[in-house]
Amino acid sequence: MNDKETLYQVSTLQALAMGYTRSVIKVKDLLTHGDIGLGTYEDVNGEMILVDGHPYRADENGNIEEVGEETGVPFCAITRFSGNRNFGLEKVQDIDGLKTILNLKIEEDFGLNSMHIARIEGTFSKVMARSEAPYRSQHITLKEVLKKTQKDFVFNDIKGTMVCVYFPDYMDGINAPGWHLHFVSEDRSKGGHVFDLSLTEGKAYLDKISRIEIQLPEEAAFDTYSLKEASDKEIKEVEQGKS
């Protein structure tokens, strides 16, 4: 199986939304499956931005650190990136505008029912983002955890990398439908989960993905979660924007 055409996912978004935040895989093992992606760390300890094989963590204040190889991961989607398609971007006013552009590009390739990952290198007049502090719990929904731990912040006049993952609507529950964006600054000091932005100029690199491999948790506790109880509305609130 060609890793450059395969998305490797740890657990499901439904499981994360219902509160399964235990480690499923260690970072050292995760990195054997890809070099770009996004997710979170054990106990929802910040936002994961994986770029060039480096696993960064944005803390609750938007500060970035690179985590160690023994760090646990409960949820993540990664792949090996080639960036086969690329195109320029300029003066994108907000996140909806960027998503519209990306949707048009994947529609050109008849790709709305496929998965995609985009990497955007750009200059941003504004990036509005969030992250969270760790919270150890069981069977407490992600929405409830974020109410306790999440902080929002704004980065102005900043250069950096946007990692963007797209899932089609019919895969709702495995991951969030549509585009999900995480950001890390050029100097790798700031970042988080993006819920709005304003881009001055940049360049996007895009890969279409035709295969998915899902690693489910192996411990018995996973089977005590009623995953279908995760509502579409709640998933959209916590994964596609501000909660």
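Is R136 buried or exposed? Select R136 in your viewer to begin: R136 is exposed, with a relative accessible area of 66%. Keep in mind as you go that this is a predicted model.

**Stop 1: the partner of R136**

The side chains of D43 and R136 meet in a salt bridge, at 3.1 Å from N to O. D43 sits in the loop between β3 (36–40) and β4 (47–51), while R136 sits in the loop between β10 and α4 (142–149), so this pair ties together parts that are 93 residues apart in sequence. In general, side chains of opposite charge can pair when their charged atoms come close.

**Stop 2: a buried pair**

Next, select E47 and R130. Their closest N and O atoms are 3.0 Å apart, in a salt bridge. E47 belongs to strand β4 and R130 to strand β10, and the two are 83 residues apart. Both ends are buried: E47 has a relative accessible area of 6%, and R130 has a relative accessibility of 2%.

**Stop 3: another link to β10**

Select R119 and D52. Here a salt bridge brings the closest N and O atoms to 2.7 Å. R119 lies in strand β10 and D52 in the loop between β4 and β5 (54–58), so parts that are 67 residues apart in sequence are tied together. R119 is buried at 14%, whereas D52 is partly exposed at 48%.

How many salt bridges does the structure hold? There are eleven.

**Stop 4: the largest nonpolar core**

In soluble globular proteins, nonpolar side chains tend to be buried together. Select I120, M162, W179 and L181, which have the most contacts inside the largest nonpolar core, a set of 26 residues. Then colour the elements that each supply at least two of its residues: β9 (85–92), α3 (95–108), β10 (115–132), β11 (150–167), β12 (178–185) and β13 (191–209). Which of them gives the most? That is β11, with six residues.

Zoom in on I120. Leaving aside neighbours within four places in sequence, I120 is in contact with residues including L89, L98, M162, C164, L199 and A204.

Finally, select I36, A77, I117 and M171. They are among the 18 residues of another core, which lies apart from the largest one.

Terms used
Residues are numbered from 1 along each chain as its sequence is written. This is a predicted model: local features need pLDDT of at least 70, side-chain atom pairs count only at pLDDT 80 or more; totals for chains, interfaces and linings use all residues. Side-chain values use heavy atoms; hydrogens and water are left out. A nonpolar core is a set of buried Ala, Val, Leu, Ile, Met, Phe, Trp, Tyr and Cys residues joined through side-chain atoms within 4.5 Å. Buried means under 20% relative accessible area, exposed over 50%, partly exposed in between (1.4 Å probe, protein chains only). Helices (H or I, at least four residues) and strands (E, at least two) are DSSP runs, numbered from the N terminus. Contact means heavy atoms within 4.5 Å. A salt bridge is a side-chain nitrogen of Lys or Arg within 4 Å of a carboxyl oxygen of Asp or Glu.
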